[in-house]
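Dear colleague,

I am passing on the structure that we spoke about, and below it you will find some notes on what turned up in it. Please read them beside the sequence and the model.

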Amino acid sequence: MSLQTGWETDWHIARACLEWQVDMGVDEAICDAPLDRFALDPAPAPKTAPKPAPQSPAKAAAAPAAPEVEIDPVREAETMATAAADLDALAAALADYPHCELKLGARNLVFSDGRIGARVMIVGEAPGREEDLRGRPFVGEAGQLLDRMFAAIGMGRDHPDMAQALYITNILPWRPPQNRDPSPEERAMMRPFVLRHIELAAPDILVLMGRISSSTMLGSNDGITKIRGQWREVAGRPALPMLHPAYLLRNPAAKREAWADLLALQARLRTSS
Ligand code: URA
């Protein structure tokens, strides 16, 4: 266990207090007297590149003012992801990426699990509470169901036979607060990292686990119940959208469709080996 100090400790204590309040049923934050925070806080300034150091009056008169450059978080993600030469470098690039505020509230960066070199790479949504605590994807209740689903077709994240092994990641490496859906901006800025992750892990087949993963990687808003089981292409590889195990926990009747998709995956692996 590591000992945390300073703002990190305060932050985790504050979050634990907040989670306790939510567990107790608190669903609104109010004071005795109303506070108009819009009147108190000036509008947040748009993100811009740091301003240049002040110049002497003579120089300033001579040189035209440099235009303020708006930072594009997606372009910066593309640059950082492309520069990563291997998976370790990609994980380091994610850790250094400054534009996703989810990382401030997460305990761990959850990068991947399973065997590098596996034929099948699963792309999930985002870490939940268990994953955030343990730093590994799909280790909570939904993850346990995922393991059972793939075990039913003889596959597993630690399978000793590489042909039966899985490699697992998520669109987001940080847990969103209260497991909320990641925003379109958060998904867009993480997509270049996922594409590079796929390139470096080089699987034969991708499984897009659930609505968020499928819509982020396919760039489409078609519902997951409509597109599940339909082969698509992502980064030049066959990609199969499937129902997320968390959805299956809530809708056990849909396990029939998930089973059909697992069999389709197994058949594709056999014909393309
Ligand atoms: N759900 C996901 O999509 N990913 C995880 O890692 C855990 C739950």
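Glycine 219, whose phi is positive, near 65°, comes directly after α10; helices here are DSSP runs of H or I with at least four residues and strands are runs of E with at least two, numbered from the N terminus. This is a predicted model, in which local features need pLDDT of at least 70 and side-chain atom pairs count only at pLDDT 80 or more, while totals for chains, interfaces and linings use all residues. Residues are numbered from 1 along each chain as its sequence is written, and side-chain values use heavy atoms, with hydrogens and water left out.

To stay with α10, 7 of its 8 residues are buried, so this helix is largely enclosed by the rest of the structure (buried means under 20% relative accessible area, exposed over 50% and partly exposed in between, with a 1.4 Å probe and protein chains only). The cover over the buried residues of α10 includes α9, α11 (224–227) and the strands β2 (120–124), β4 (205–209), β5 (232–234) and β6 (237–242), where contact means heavy atoms within 4.5 Å.

A pocket is an open set of points on a 1 Å grid over the protein atoms alone, where a 1.4 Å probe fits, with protein on both sides within 12 Å along at least five of seven lines, and lining residues have an atom within 4 Å of a point. Of the 26 lining residues, Glu125, Ala142, His244, Ala246 and Arg250 are the closest to the centre of the pocket, and α12 gives the most, with 4 residues.

The structure holds 1 aromatic pair. The ring centres of tyrosine 97 and phenylalanine 193 lie 5.3 Å apart with their planes at 75°, so the pair is edge-to-face (centres within 6.5 Å make a pair of Phe, Tyr or Trp rings, the six-membered one for Trp; planes under 30 degrees apart are stacked, over 60 edge-to-face and the rest tilted). Both tyrosine 97 and phenylalanine 193 are buried.

As for confidence, the mean pLDDT of the protein chain is 89, pLDDT being the predictor's confidence in each residue, from 0 to 100.

With best wishes
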